[in-house]
Amino acid sequence: MLEVQSNFIEMAQKSGVKMVVKLSGIMPEIDSPFRFARMHGEIERRLEASGMAFTHLRAGEFFTAYFRQVRSIVTRSELVLPMESARIASIDIGDVAEVAATILTGSGHEAKSIL
């Protein structure tokens with residue numbers, strides 16, 4: 001992910017792209033113990049340094065990820081996740097697409113992180 005998205009940023013910059021909306025993670029911290037959070041944080045940093053306008057779209061977990069748990073949910077009548085007391089905000093990918101379209105077709109979203 002880090003290599004692919006970094007290459008994308010570099011090619012977009014070289015191609016004269018004016019604005020990039022990056023689908024990021026909800027907590028993109030460079031020092032996170034979670035490797036995907038670290039990669040999102042590093043990619044955000046690279047995008048910010050690129051000189052292009054940007055918006056970080058920080059979505060939580062996609063609700064469709066729970067489809068893999070349907071059998072267990074139906075059998076137990078509950079959704080069990082190994083997260084102790086952690087809280088997450090699941091979101092539908094259609095909602096993420098709607099926000100991204102608004103960002104890309106509107107103005108005033110540059111240099112912002114949208115949760």
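This is a short walk through the model, stop by stop, with something to select at each one.

Before you click, note that this is a predicted model, in which local features need pLDDT of at least 70, side-chain atom pairs count only at pLDDT 80 or more, and totals for chains, interfaces and linings use all residues. Residues are numbered from 1 along each chain as its sequence is written, and side-chain values use heavy atoms, with hydrogens and water left out.

**Stop 1: helix 1**

Select residues 2-14, which make up helix 1. Helices here are DSSP runs of H or I with at least four residues, strands are runs of E with at least two, and both are numbered from the N terminus. Helix 1 has 13 residues and reaches 18 Å from its first C-alpha to its last, close to the expected 18 Å (the expected span is 1.5 Å times one less than the number of residues).

Now colour Ser6, Ile9 and Ala12, which are buried; buried means under 20% relative accessible area, exposed over 50% and partly exposed in between, with a 1.4 Å probe and protein chains only. These three cover an arc of only 125° around the axis, so they sit on the same side of helix 1 (the arc is that of the directions from the helix axis to the C-beta atoms). Helix 2 is among what covers the buried residues.

**Stop 2: His40**

Go to helix 2 and pick His40. Is His40 buried or exposed? His40 counts as buried because its relative accessibility is 13%. Leaving aside neighbours within four places in sequence, show its contacts (heavy atoms within 4.5 Å): Met1, Lys22, Leu23, Ser24, Gly25 and Pro28.

**Stop 3: the largest pocket**

The largest pocket holds about 630 Å³ of space. For its centre, select Ile26, Phe34, Ala59, Gly60 and Glu61, the closest of the 22 lining residues. On a 1 Å grid over the protein atoms alone, a pocket is an open set of points where a 1.4 Å probe fits, with protein on both sides within 12 Å along at least five of seven lines; lining residues have an atom within 4 Å of a point. The volume is the space filled by probe spheres set on the points, which are joined across faces, edges and corners.

Strand 1 (19-24) and helix 2 (35-49) are the elements that give two or more residues to the lining, and helix 2 has the largest share, with 3. By type, the lining divides into 14 nonpolar, 5 polar and 3 charged residues.

**Stop 4: helix 4**

Select residues 93-105 for helix 4. Val96, Ala100 and Ile103 are buried, and they lie on the same side of helix 4 because they cover an arc of only 60° around the axis. On the other side, look for Glu98 and Thr105, both exposed. Strand 1, strand 2 (53-58) and strand 3 (112-114) are among what covers the buried residues.

**Stop 5: two loop residues**

Finish with Ser77, in the loop between helix 3 (70-76) and helix 4. Ser77 has a positive phi of about 60° although it is not a glycine, and counts as exposed at 66% relative accessibility. Then jump to Ala111, in the loop between helix 4 and strand 3. Ala111 has a positive phi near 60° and is exposed, with a relative accessible area of 55%.

Key. Nonpolar A, V, L, I, M, F, W, Y, C, P; charged D, E, K, R; others polar.
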